[in-house]
Amino acid sequence: MRAACQAATGIMQQVAAMVVPGRRTKELDEAAAALIKARGGKSAFLGYRGYKGNICVSVNEEVVHGLPGERRVQYGDVVSLDVGVVLGGFVGDTATSVAVGMIKFETQRLLDMTEKALYAGIAAARAGNRVEDISRAIQQTVEGAGFGVVREFVGHGVGRKLHEDPQIPNFVERGKKSPVLRAGMALAIEPMTTQGRPEVELLRDGWTVVTKDGLPSAHFEHTVAVTEGEPEILTCRKTTPSAVPAS
Ligand code: MF3
Ligand code: CO
Ligand code: CO
């Protein structure tokens with residue numbers, strides 16, 4: 001798991017460095033394919049339920065599962081990258097949202113709060129806690145900042161397969177008792193958030209999820225191991241630098 005996760009992280013950071021104005025999202029996907037191959041891995045997404053990309057690239061109002069294509073990145077965009085790599089029979093899954101140069105203050109705050117929510121969720125990923133403790137920490141951070149939490153997509157267990165039990169919602173479902181966390185579990189924790197209303201819809205490509213109100217979205221994801229003590233962030237990294245300076 002550590003090896004697969006560090007491969008996914010390295011590739012994501014290398015692709016993030018290529019997120020510059022004029023770049024087509026499919027060029028980012030092609031670069032990711034080459035980087036995955038160079039590490040002897042395979043994309044965990046390519047072919048998943050017929051998905052045709054190697055990674056997901058979601059721009060601005062695109063929340064997740066952005067299918068790479070002809071769209072060009074522009075100055076002022078937010079670009080979310082999601083990378084899943086299979087290496088040595090295990091999957092690493094990680095995502096980040098990068099600002100292309102200077103973005104609106106409220107959108108930068110959305111990015112900051114979403115990453116903060118991810119770390120609040122991770123802090124709750126301790127043996128003896130329940131999945132809902134993670135969910136609550138994320139929801140309180142995001143909604144407390146005045147932003148929206150997407151309901152239609154959730155985090156998940158991860159291991160030999162990309163999506164394993166348990167599901168990890170980024171919101172608490174009233175009256176529902178969630179599973180207890182145990183040491184040895186690997187979890188993909190991934191808040192998906194919106195600057196405006198939380199409602200989303202699907203584009204005609206059958207994959208790309210967008211906000212209904214067209215406002216920007218953010219997505220940060222780590223694969224985390226539950227231990228007897230502190231959670232271990234398997235996809236740990238330095239904060240993803242933006243390839244385009246803000247001023
Ligand atoms: N975004 C999903 C995750 O992190 C995986 C994408 S599946 C794909 O779990 F097929 F859309 F790529
Ligand atoms: Co992912
Ligand atoms: Co995931």
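Modeller: Start with one bridge: V64 has V209 of β12 as its partner. This is a predicted model, where local features need pLDDT of at least 70, side-chain atom pairs need 80 or more, and totals for chains, interfaces and linings use all residues. Residues count from 1 along each chain as written, chains are lettered from A and ligands numbered from 1 in written order, and side-chain values use heavy atoms, without hydrogens and water.

Biologist: Which strand do the bridges join to β12, and how many are there?

Modeller: Strands of a sheet pair through backbone hydrogen bonds, parallel or antiparallel. Here 2 bridges join β3 to β12 (residues 209-211), and the two run antiparallel. A strand is a DSSP run of E, at least two residues, numbered from the N terminus; pairing takes at least two bridges.

Biologist: What is the strand order in the open sheet?

Modeller: Its 3 strands run β3-β12-β11, with antiparallel pairing. β3 (62-64) and β11 (200-202) are the edges: each has a single partner strand, so one side of each lacks a neighbour in the sheet.

Biologist: Which residues are around ligand 1?

Modeller: Among them are F45, Y48, H65, H156, W207 and E221. The test is a heavy atom within 4 Å.

Biologist: Which ligand atom is 3.1 Å from the side chain of H65?

Modeller: A nitrogen, facing an N or O atom of H65. Polar contacts are N or O pairs within 3.5 Å. H156 has a side-chain N or O atom 2.9 Å from a ligand 1 oxygen. For E221, a polar side-chain atom lies 3.1 Å from a ligand 1 oxygen. Alone, ligand 1 exposes 340 Å², and the protein buries 97% of that (Shrake-Rupley, 1.4 Å probe).

Methods: Helix = DSSP H or I, 4+ residues; strand = E, 2+ residues; numbered from the N terminus. Polar contact = N/O pair within 3.5 Å; in protein donor to acceptor, adjacent residues only side chain to side chain.
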